[in-house]
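Please prepare a short briefing on the aromatic side chains of this protein and on one residue in a strand.

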Amino acid sequence: MTSTFPNISISTERLVLRPLDEDDVPALAEMMNDEQVAAWTDVPQPFTEDGARHWITEYAPAERATGRGLDLAVTEFLTQRLVGIVQLTKTNWHIRSTELSYIVAPWARGEGYASEAALATAQWLLGDQKLERIELRTAADNTASQQVAQKIGCISEGVLRNACIVHVRTEDGAWTDVRTDFIVWSLLPEDLEGAGEQLADTGGFTSFSDWN
């Protein structure tokens with residue numbers, strides 16, 4: 001029997017992590033068309049609202065239903081504005097491990113939102129869900145993502161050489177692929193001790209019953 005992540009809403013001092021819904025389509029499309037997102041991820045460019053709708057209504061529900069992962073919208077508690085996305089992928093329920101990644105909208109960067117959302121997700125995974133390992137992979141030159149991994153207590157395990165493709169602009173404005181290394185990070189239950197002290201309070205998660 002395949003395990004799946006439950007319907008969930010995770011609250012922090014400033015954020016609410018919840019299932020994506022169709023009201024997020026415009027903001028998700030806008031966020032995914034950002035230059036930094038295009039550079040460090042494999043999100044198709046340009047990213048259309050139809051692409052955002054497919055992600056929300058088909059891809060994300062399928063990932064959860066098959067037990068492979070979970071996609072959560074990260075929103076500001078006060079404004080409900082879409083701050084970013086937290087994704088869990090490649091989940092292995094036998095090993096009790098998953099891979100975590102995050103994207104933050106350009107207007108919300110520099111506020112510590114990625115660290116706050118990632119730590120809240122990690123605490124839920126390693127606590128309530130009883131996972132034993134969370135893995136993160138960051139491109140060798142993506143220092144912002146590496147800083148998030150360090151802030152939440154991740155341990156750098158090594159380098160996967162030439163295992164990552166990033167994207168750079170050519171002179172004519174098109175995107176081209178460039179190979180680089182992946183830095184592999186992990187977070188185990190014992191690594192979380194003290195990690196939350198330097199970030200906002202990330203306690204409190206509640207069921208979210210209206211998701212597919």
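This is a predicted model: local features need pLDDT of at least 70, side-chain atom pairs count only at pLDDT 80 or more; totals for chains, interfaces and linings use all residues.

Residues are numbered from 1 along each chain as its sequence is written, and side-chain values use heavy atoms, with hydrogens and water left out.

**Aromatic pairs**

- The structure holds three aromatic pairs; rings of Phe, Tyr and Trp (its six-membered ring) pair if their centres lie within 6.5 Å, and planes under 30 degrees apart count as stacked, over 60 as edge-to-face and the rest as tilted.
- One of them is the tilted pair of Phe5 and Trp124, with 5.9 Å centre to centre and 40° between the planes.
- This pair links distant parts of the chain, 119 residues apart: Phe5 is in the segment before β1 (8–11), and Trp124 is in helix α4 (residues 113–126).
- Helices (H or I, at least four residues) and strands (E, at least two) are DSSP runs, numbered from the N terminus.
- Phe5 is buried at 0% relative accessibility, and Trp124 is buried at 1%; buried means under 20% relative accessible area, exposed over 50%, partly exposed in between (1.4 Å probe, protein chains only).
- Phe5, Trp93 and Trp124 form one aromatic cluster.

**Charge over a ring**

- Arg81 lies over the face of Trp107, 3.7 Å from the ring centre; the criterion is NZ of Lys or CZ of Arg within 6 Å of the ring centre and within 35 degrees of the ring normal.

**A strand residue**

- Thr75 lies in strand β3 (residues 70–76) and is buried, with a relative accessible area of 4%.
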